[in-house]
Amino acid sequence: MVNGERGPRATKSGGTTRTAAKKPAAPRKKATTDRSVANGTDPAFVQLLTPEGDRVEHPDYSVDFTDQEYRDLYRDLVIVRRLDTEGTTLQRQGQLGIWASLNGQEAAQIGSGRALAQQDMVFPTYREHGVLWCRDIDPIMPFGLFRGVDLGGWDSRKYKFNMYTIVIGAQTLHATGYAMGVKLDGKMGTDDGEAVIAYFGDGAISQGDVNEAFVYAAAYDAPVVFFCQNNQYAISVPVHKQAKAPLFERASGFGFPGVRVDGNDVLATYAVTKDALDRARHGEGPGLIEAYTYRMAAHTTTDDPTRYRDRSEEDAWRLKDPLSRMKAFLEKQGLADEDYFAELTAEADRYALDLRERVLSMPEPDPSSIFDHVYPNGSPLIDEQRAEFLAYHASFEGSGH
Amino acid sequence: MSQTSTIGKAINLGLRRALEDDPKVVLMGEDIGRLGGVFRVTDALQKDFGEDRVIDTPLAESGIVGTAVGLAMRGYRPVCEIQFDGFVYPAFDQIVCQVAKMHNRSLGTIPMPIVIRIPWGGGIGAVEHHSESPEAYFCHTAGLKVLAPSNPNDAYWMIQQAIASDDPIIFFEPKRRYHEKGEIDTDLGLAGAYPLHASRVARPGSDVTVVAYGPMVRTCLDAAVAAEADGRSLEVIDMRTLSPLDMGPVYESVRRTGRLVIAHEAPGNVGLGAEIATRVMQECFYSLEAPVLRVTGYDTPYPQSRLEEEFLPDLDRVLDAVDRTFAY
Ligand SMILES: Cc1ncc(C[n+]2csc(CCOP(=O)(O)OP(=O)(O)O)c2C)c(N)n1
């Protein structure tokens, strides 16, 4: 590939023309092993907003937001980080069994989440609290899973947002199949066509399911966008141990375009995701986006990152923080003042407090509910066991149990 | 030499010794190297034996087991770690279709000396897929052997015996008991230690036989203590080996007690309890004073953590079953 950002266009619309004439946004080293994290430099990626908060142009991607829209994006970033912090705090206080933090990945999630059209369908992993926020879903919804009061279930079709998926990579096939259904239904090819997005991590891309999803999506030209948040680690294993070439480059081998974006840049993430979703909804097939970012927190609250990475690496990434750069941008452009930021902080705190109170008062599950939804048509075995279960528990009634 | 160790540490020590004793032993799995595994069972092994022998694999379970097959063909003895029970399924095809059948299909020429370690079972307050009991699938597969140690000394020796064995072995580790302590005798030697595929009376008794394995052994031993206060004597048998089953001590016990309760976390339907009960019925029919009873998980998906106490067989449910065997 000539430049570092896109795989060849697999389909009709013409080779690598979108980028072939222009230079990538940043120089790119010859990438056999991608060790840019270890040596602290960024690889070539689409960037529209520098870590210092300066807008830069890109030959292929641009955004055209109103002042209000810029502020709204920043508001999203601030609120999802604040809610995430509350998740971590609740876990530390024993109110959640576990929490998977999105800290550091806000821009990747808000940029891609805000690029979705109403009719688009989302297949998240277990970390996409920011995307969930963009779907106007009550942020408390995943807390049932993390608190252990339920299995994290909801009607995915109603919310256009699938349940969190814990088995790594499984959802990428579901997304692909859903997108095949969209195509069978003839719901693509127009501006209001449907697109599907599947989230997964840099570790997940090793998984067989994800590779099979790529094969199926390509074979059926399914309207699905694969959104890989390369946060540099699969728990303790750094991406360069699993992958010897940049992740986005894999797309070309499967026959669809891939692009790497600065995942800490909400504007660039929005632009590349919007582009990929629009192509999918217009029937131009799947796409892969590698959002290059960093997981600032532990893998989950049970993890201890000091065992496998250096503080200095975290410090280097902190300088590229997705929130700070957007704040700097708003300040430099005169789009927001101190009052605005103060009020936003207060608003985020209110959201967090409200969330905390509601999490603490989540109802305890009814024990016999474990038998309720096993089969749509019921089962005599389940009925028998439910009856035994109830009789057994009734036998303790009044005995102080 | 005798030393006190947790179950997790005992496996760690056993793995260390296997790595020292045989240069062909390699460990492979997700996050087992620098991190030492999410349960720290492989703690410090990569530091001491290097990245070639303690391998942080890519995140792909079919890959872990499939490449272990090739390594085994090449003369290595891979010890695979599956991070949690619920994540073994991507490797299921490799285990059932390849690992289990290779020796048979190669006319006995190619053994698969592979051990697949699986932290297993519930009771740790986890989210879904982290608390499963899939042992029956593997016991049902010809060509595999299946083990489940319940205490530190067994954990220490059984992991080494499993690695030394040419049979492919699924090695279930009772994850909620990883921190339980006991004595390990490091001088026994592979041959001197209790035989690998043998069950054992964990606590002698005379009134009722209680059969368990893995994490449920502790529960049943506790139940035996509680029952003693009520004047009932429970004989607890730790199966240790789930495939093949070693039924001898069970028959011998049931012939004395006439009563049998089997406890496991896995759902009851077509579980190990059904197999054990059938064999006892065939061999000890005239000794039985009561029907064989099972205390198991329910035939539902493993529930959310707030309900797992209701799902997992506990001391009360074991004692309730014991009571019921005396009602006949
Ligand atoms: C099939 C499967 N294997 C193993 C795990 C255990 N596990 C949970 S998260 C994780 C690492 C995921 O890394 P990555 O895909 O990069 O996503 P991230 O958590 O960094 O967002 C692993 C190994 C799992 N959930 N599913």
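Start by selecting Asp321(A) and Arg81(A): their side chains meet in a salt bridge, with N and O 2.6 Å apart. Here a salt bridge means a side-chain nitrogen of Lys or Arg within 4 Å of a carboxyl oxygen of Asp or Glu. Asp321(A) sits in the loop between helix H13 (311-318) and helix H14 (322-332) of chain A, while Arg81(A) belongs to helix H3 of chain A, so the pair ties together parts that are 240 residues apart in sequence. Helices (H or I, at least four residues) and strands (E, at least two) are DSSP runs, numbered from the N terminus. Over all chains, the structure holds 47 salt bridges.

A word on what is on your screen: this is a predicted model, in which local features need pLDDT of at least 70 and side-chain atom pairs count only at pLDDT 80 or more, whereas totals for chains, interfaces and linings use all residues. Residues are numbered from 1 along each chain as its sequence is written, chains are lettered from A and ligands numbered from 1 in the order in which they are written, and side-chain values use heavy atoms, leaving out hydrogens and water.

Next, colour residues 77-367 of chain A, where UniProt places "domain: Dehydrogenase E1 component" in an unreviewed entry. UniProt positions follow the numbering used here, feature names are shortened, and annotations may be inferred rather than shown by experiment. This span is 46% helix and 11% strand, and its end C-alpha atoms lie 38 Å apart.

Now show the contact between the chains, which takes 41 residues from chain A and 36 residues from chain B; contact means heavy atoms within 4.5 Å. The area buried between chain A and chain B is about 3400 Å², and carbon and sulfur atoms give 59% of it. Buried area is the accessible area (1.4 Å probe) that two parts lose on being put together, summed over both. Between chain A and chain B the count is 3 salt bridges. Zoom in on Glu364(A) and Arg306(B), which form a salt bridge with their closest N and O atoms 2.8 Å apart.

On a 1 Å grid over the protein atoms alone, a cavity is a set of points where a 1.4 Å probe fits but cannot get out, and a pocket is an open set with protein on both sides within 12 Å along at least five of seven lines; lining residues have an atom within 4 Å of a point. Grid points are joined across faces, edges and corners, and a volume is the space filled by probe spheres set on the points. The structure holds 6 cavities of 30 Å³ or more, and the largest cavity has a volume of about 110 Å³. To find its centre, select Leu83(A), Trp99(A), His129(A), Pro139(A) and Phe143(A), the closest of the 13 lining residues.

For an open space, move to the second largest pocket, of about 740 Å³. Its lining has 30 residues, with Ser133(B), Ala136(B), Tyr137(B), Asn269(B) and Val270(B) nearest its centre.

Finish with two backbone stops in chain B. Ser243(B) and Pro244(B) are joined by a cis peptide bond, with omega about -5 degrees. Asp31(B), although not a glycine, has a positive phi of about 65 degrees.
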